[in-house]
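Subject: Structure for you to look at

Hi,

Here is the structure I promised to pass on. Have a look first, and then read my notes below.

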Amino acid sequence: MHRMTRVADGAEIAAPFDSGASLRFKADTARLERRGPDRFVRIESPRGGALFRVTKVIGGHHREDFAGVEVRSGDSAPSNADEQILPVSFLRATGTLRYKGYSVMLRERPYLQAGPVWKKTCIFCHNTSPYLSSLLGAFVGRGARKYQASVVDAMLPPDRAWRYEVTDAEALDDALADELRALGTTASSKGRARIGQTIEATRERFGAAELVEIGIGCESCHGGARAHAADPSVKPSYAPRASFMKVTPAPTDAQAKTRACARCHQVLFSRYPWTWEGGRRNEDAGGSHINSGEGRDFLLGGCASKMTCTACHDPHAADGSAKPREVDSIAGNAICLGCHAKYAGDDALRAHAHHDPRGEAGVCIRCHMPKKNMSLDSKLGRYHRIGSPTDPLRVLRDRPLECALCHADKSTESLVGTMETWWNKRYDRGSLRALYSDLARPTLLPTLASGKPHEQAVALFVLGQRKERTAAALIARQTVNEYPLVREYARAALDAVLGRSCAIDLGAETKAIEAAARACLAAAGIAPGNDVWGAPAAAAGDADPGED
């Protein structure tokens, strides 16, 4: 985790700067270059070019992103230049480049360009920052001005949120005055107004010099680690503590540990409006549809008061995937049985799950944490809001039915009827018809035809895995989805169902992408179907509320 952000000078970097690799996007090109120890990203465009010297590398396990400063003359950049997020990501699994930002649900962009300023968008979650900086909005409560360091509670329903109560206003004023001095300004008010002033100063002035350290260090999770290192008798704390505040209700140890993870893993990225459970990002938000929201999702679920993220993840392990692999097996059920002992033994598990207790469906997380979230590697990751596939919110407000992730050949009516029989449930057929129209059909095809984009991505991945050739035309249509990330799922699914690479250039103009997809279908002897290539249908109530 400490490699989450690295200063480029002297850093180990996997991206092929030495080979001059390039990413072409429509009429523009981003080219990687190296001159001695320095690395550059050159943008070539009919609109005019730009050259950026790489100063920071972000990530490295799955993907490398880059921040840099624009070089305006010669080989140097102004010393006061803002570090910007550069428009190229390097995907380690495939050794390829992708437009930065297209790993989340952003709509199509018209050209390549450097992104936002690093210190205003990335700095808090990818480095070790003072905990006080994250609490400023929580002291104000609802209505506080948004800023990137905020703790997770503003994104939780009231019954799941902590309350941060100020117990000594004068001591908090003193702490904020110290913080303002560290940010290069002077306190000009008291109380709530001083908190607001500190939020504004944090938004405008917080930079690398104000970090505890570059990258994810001990203090990111173990609050008070610096004091502990100086005096081992002073123990670190997962929950925030100070003389001027208290947290209510009193957090359990599990909640405090999970919130240490959720300080960063809380994100509903890119203003994409939809969430799971039929929610909307800025209203009654459900769980996130994509990676990096796992901590918040877990806090929304059924096990948050007793279970911790570290039950399944070891943040200190050299191989961070080893423990999750073990959990994703029958052996991993031991974690669940620590609380749910009544399901111990094959007979009890068979009666509960109605599946072979020694088969794949006998693994607890296969049903209670299904793979339906878009991941960093264009596959599906586990949904971390622990719950049941029979939950009415999931059945009646999300597509596809979670049981269809394994039973893709079953009709909606068959799956729903089975849930009703096995678990004594009842589901409104009118609501289901609004989602799927014809309940006699399997759920994945209507999900692909008229689902929300994140639901379509799930259908694309599962249909691709099943090599569902009958869905090829519908899959090909999604290569021009309004969200480029969904296009990637569509291209991979189309290659899988046809058994060959279509070599569709997703960086081309939309008309060229459509033409390539149609040609690929024709080469496979499949009629493209002009009705399929019309404007994608929207299910009832799915009008896009827009981005905020």
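Which residues of the largest nonpolar core touch the most other members? They are Leu460, Ile475, Leu494 and Leu498, out of 44 residues in that core. Before you go further, please keep in mind that this is a predicted model.

Five helices each supply at least two residues of this core: helix 15 (444-450), helix 16 (453-465), helix 17 (472-477), helix 18 (484-498) and helix 19 (510-523). Helix 18 gives the most, with eight residues.

Next, a helix pair. Helix 3 (residues 169-182) and helix 4 (residues 191-205) pack at an angle of about 25°, and their axes are 10 Å apart. An angle under 35 degrees counts as roughly parallel, so that is how helix 3 and helix 4 are described. Their crossing is left-handed. On the helix 3 side, the contact is made by Leu172, Asp173, Asp174, Leu176, Ala177, Glu179 and Leu180, and on the helix 4 side by Gly191, Arg194, Ile195, Gln197, Thr198 and Ala201. Sorted by class, that contact has six nonpolar, three polar and four charged residues.

Most residues other than glycine have a negative phi, and most peptide bonds are trans. Here are some exceptions:

- Lysine 26, in the loop between strand 2 (22-25) and strand 3 (28-35), has a positive phi of about 55°. Lysine 26 counts as buried, at 13% relative accessibility.
- Alanine 503 also has a positive phi, near 50°, and sits in the loop between helix 18 and helix 19. At 65% relative accessibility, alanine 503 counts as exposed.
- The bond from threonine 248 to proline 249 is cis, with omega near -10°. Proline 249 is in the loop between strand 11 (245-248) and helix 6 (253-262).
- The bond from arginine 399 to proline 400 is cis too, with omega near -15°. You'll find proline 400 in the loop between helix 12 and helix 13.

One last stop: cysteine 406 lies in the loop between helix 12 (392-397) and helix 13 (412-423). Cysteine 406 counts as exposed, at 62% relative accessibility. Its C-alpha atom is separated by 9.1 Å from that of alanine 361, 45 residues apart along the chain.

Cheers

Definitions and conventions: Residues are numbered from 1 along each chain as its sequence is written. This is a predicted model: local features need pLDDT of at least 70, side-chain atom pairs count only at pLDDT 80 or more; totals for chains, interfaces and linings use all residues. Side-chain values use heavy atoms; hydrogens and water are left out. Axes are lines fitted to C-alpha atoms, for helices over the stretch in contact, and angles run from 0 to 180 degrees between N-to-C directions. Helices (H or I, at least four residues) and strands (E, at least two) are DSSP runs, numbered from the N terminus. Angles under 35 degrees count as roughly parallel, over 145 as roughly antiparallel, 65 to 115 as roughly perpendicular and the rest as oblique. A crossing is left-handed if the near helix is turned anticlockwise from the far one by less than a right angle, and right-handed if clockwise. Contact means heavy atoms within 4.5 Å. Ala, Val, Leu, Ile, Met, Phe, Trp, Tyr, Cys and Pro count as nonpolar, Asp, Glu, Lys and Arg as charged, and the others, Gly among them, as polar. A nonpolar core is a set of buried Ala, Val, Leu, Ile, Met, Phe, Trp, Tyr and Cys residues joined through side-chain atoms within 4.5 Å. Buried means under 20% relative accessible area, exposed over 50%, partly exposed in between (1.4 Å probe, protein chains only).
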